[in-house]
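Here is a short tour of a protein model for you to follow alongside the coordinates. Take a look at the structure, then read on.

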Amino acid sequence: MGKKIVVITGSPRKNGNTDRMVAAFTEQAQKNGHEVVLFNAATSNVGGCHACETCFKSGKACTYDDDFNTIAPDILEADGIVFATPTYWYSFPGQIKNVIDKLYSFCVAEKPIANKDCALIACCEEHEVEVMDSLKQPFERIAALVKWNVVGEVLVPGVLEVGAVDQTDGCAQAADLANKF
């Protein structure tokens with residue numbers, strides 16, 4: 001039986017390196033019988049967490065109604081979560097960070113989000129993979145906090161120009177990652 005996997009992307013660049021790896025992941029996941037729900041945080045309206053701790057009290061995940069409320073039910077139902085992002089200034093882009101911050105709503109409302117598989121797909125301009133440590137470490141800590149099982153990480157350095165990832169094994173790694181769900 002297939003799983004439901006939510007892929008949260010954070011790249012505003014259409015058909016860029018992140019999108020290409022997500023496409024490879026999605027294609028393989030669907031071939032494996034999984035349902036994939038894509039949420040592009042970069043093109044959505046997701047504000048920051050207000051720390052009001054009124055999560056789910058209005059019937060929605062966030063009292064401050066924005067596009068997070070459209071993906072929150074899918075996150076809750078998902079068997080797997082994938083964060084896919086470029087590296088901006090050695091960290092997550094602000095758009096995806098807002099989604100990550102709003103995961104707090106599930107904790108406040110004591111929603112059952114433990115025991116999901118999760119993965120990270122990331123790329124960066126610089127050639128050292130360590131540049132993505134500032135993505136990797138928070139991702140792994142988030143997974144530990146909410147009791148998610150990290151099934152893999154695809155970290156592809158040295159890709160800036162659109163399509164540069166095609167000159168690496170990044171898309172193949174992303175497709176292989178789908179086999180771990």
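## Surface charge, a buried strand and salt bridges

Glu161 counts as exposed because its relative accessibility is 56% (buried means under 20% relative accessible area, exposed over 50%, and partly exposed in between, with a 1.4 Å probe and protein chains only). This is a predicted model, in which local features need pLDDT of at least 70, side-chain atom pairs count only at pLDDT 80 or more, and totals for chains, interfaces and linings use all residues. Residues are numbered from 1 along each chain as its sequence is written, and side-chain values use heavy atoms, with hydrogens and water left out.

You will find Glu161 in the loop between strand 5 (149-156) and helix 6 (170-178); helices (H or I, at least four residues) and strands (E, at least two) are DSSP runs, numbered from the N terminus.

Now turn to strand 3. In strand 3 (residues 80-86), 7 of the 7 residues are buried, so it is largely enclosed by the rest of the structure. Gly80, Val82, Ala84 and Pro86 point one way, while Ile81, Phe83 and Thr85 point the other way. Strand 3 runs parallel to strand 1 (residues 4-9), joined by 5 bridges, and Ile8 has Phe83 as its bridge partner. Strand 3 also pairs in the parallel sense with strand 4 (residues 117-123), over 7 bridges; here Val82 is partnered by Ala119. Two strands pair if DSSP finds at least two bridges between them.

The loop between strand 3 and helix 3 (94-102) holds Tyr90, which is partly exposed at 43% relative accessibility. Lys116, in the loop between helix 4 (104-108) and strand 4, is buried, with a relative accessible area of 4%.

Next come the salt bridges, of which the structure holds 9. The term means a side-chain nitrogen of Lys or Arg within 4 Å of a carboxyl oxygen of Asp or Glu. Three of them are listed here.

| Salt bridge | N to O distance |
|---|---|
| Lys4 and Glu77 | 2.8 Å |
| Lys60 and Asp65 | 3.0 Å |
| Lys136 and Glu153 | 3.7 Å |

Lys136 lies in helix 5 (residues 133-145) and Glu153 in strand 5, so this pair ties together parts that are 17 residues apart in sequence. Lys136 is partly exposed, with a relative accessible area of 28%, and Glu153 is partly exposed at 23%. Shared partners also join Lys4, Asp74 and Glu77 into one salt-bridge network. Within it, Lys4 is buried, with a relative accessible area of 11%, whereas Glu77 is exposed at 53%.
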